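Good morning, and thank you for joining. I would ask you to keep the sequence and the model open while I speak, and to follow the residues as I name them.

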Amino acid sequence: MDRNSMDQGGAGWRTEEVLATCRRVSSAQLTVWVERHWLRPRHEGTGFVFSAADMARLELICDLREDLALDDEAMPVVLSLLDTVYGLRRRLRVLAEAIGDLPPEARYLLQDELRKREEKEE
């Protein structure tokens, strides 16, 4: 079963499925990463259920550890910074959509105001 087909049904992945899907992490590591809140699966029954976002973050953590040799001390800092960047990107996308829905006159006024402010900063 692949990651996308499981998430489309909203079922998510149980711990044993996570370990079978991502062989770069051990059971002990996964437990520690959940305890450190690097991953935030939901509790269901007697175990955890991981979302698609959890799975993507798990792959990211593995990449950061293996490719960049990031240690356990630096990991929370990097994950926090990445969370901030992703949050800002989400907010910018919402803002761009809201601006796109404005009447043309309002968009021109906003564009002019932004240009003026950028010129002041230069």
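Throughout this talk, contact means heavy atoms within 4.5 Å. This is a predicted model: local features need pLDDT of at least 70 and side-chain atom pairs count only at pLDDT 80 or more, whereas totals for chains, interfaces and linings use all residues. Residues are numbered from 1 along each chain as its sequence is written, and side-chain values use heavy atoms, with hydrogens and water left out.

Let me begin with Arg-57. This residue is found in helix α4; helices (H or I, at least four residues) and strands (E, at least two) are DSSP runs, numbered from the N terminus. Not counting residues up to four places away in sequence, Arg-57 touches Trp-38, Leu-39, Leu-79 and Asp-83. Is Arg-57 buried or exposed? Arg-57 is buried, with a relative accessible area of 17%. The scale is as follows: buried is under 20% relative accessible area, exposed is over 50%, and partly exposed lies in between, with a 1.4 Å probe and protein chains only. With which side chain does the side chain of Arg-57 make a polar contact? The partner is the side chain of Asp-83, at 2.6 Å. A polar contact here is a pair of N or O atoms within 3.5 Å; within protein, one must be able to donate a hydrogen and the other to accept it, and residues adjacent in sequence count only if both atoms are side-chain atoms.

Next, the sheet. Three strands form an open sheet, with the order β1-β3-β2 and antiparallel pairing. The edge positions belong to β1 (13–14) and β2 (42–44), and each has a single partner strand, so one side of each is left without a neighbour in the sheet. Two strands are taken to pair if DSSP finds at least two bridges between them. In general, strands of a sheet pair through backbone hydrogen bonds, either parallel or antiparallel.

Between β1 and β3 (residues 47–50) there are two bridges, in the antiparallel sense. Trp-13 stands opposite Phe-50 in β3, and Arg-14 has Val-49 of β3 as its bridge partner.

I turn now to the interior. A nonpolar core is a set of buried Ala, Val, Leu, Ile, Met, Phe, Trp, Tyr and Cys residues joined through side-chain atoms within 4.5 Å. The largest such core has 18 residues, and Trp-33, Leu-39, Phe-50 and Leu-58 have the most contacts inside it. Helices α3 (27–35), α4 and α5 (75–100) each supply at least two residues of this core, with α4 giving the most, five residues. Leaving aside neighbours within four places in sequence, Leu-58 is in contact with Val-18, Cys-22, Val-25, Leu-30, Trp-33 and Leu-39.

How many disulfides does the structure hold? The count is zero, a disulfide being a pair of cysteine sulfur atoms within 2.5 Å. The sulfur of Cys-22 has its closest cysteine sulfur in Cys-62, 3.9 Å away, which is too far for a bond. Both residues are buried: Cys-22 has a relative accessible area of 2%, and Cys-62 is at 1% relative accessibility.

Finally, two backbone angles in loops. Most residues other than glycine have a negative phi. His-37, in the loop between α3 and β2, has phi near 65 degrees, a positive value in a residue other than glycine. Ala-69, in the loop between α4 and α5, also is not a glycine, and has a positive phi of about 55 degrees. His-37 is partly exposed at 48% relative accessibility, whereas Ala-69 counts as exposed at 60%.
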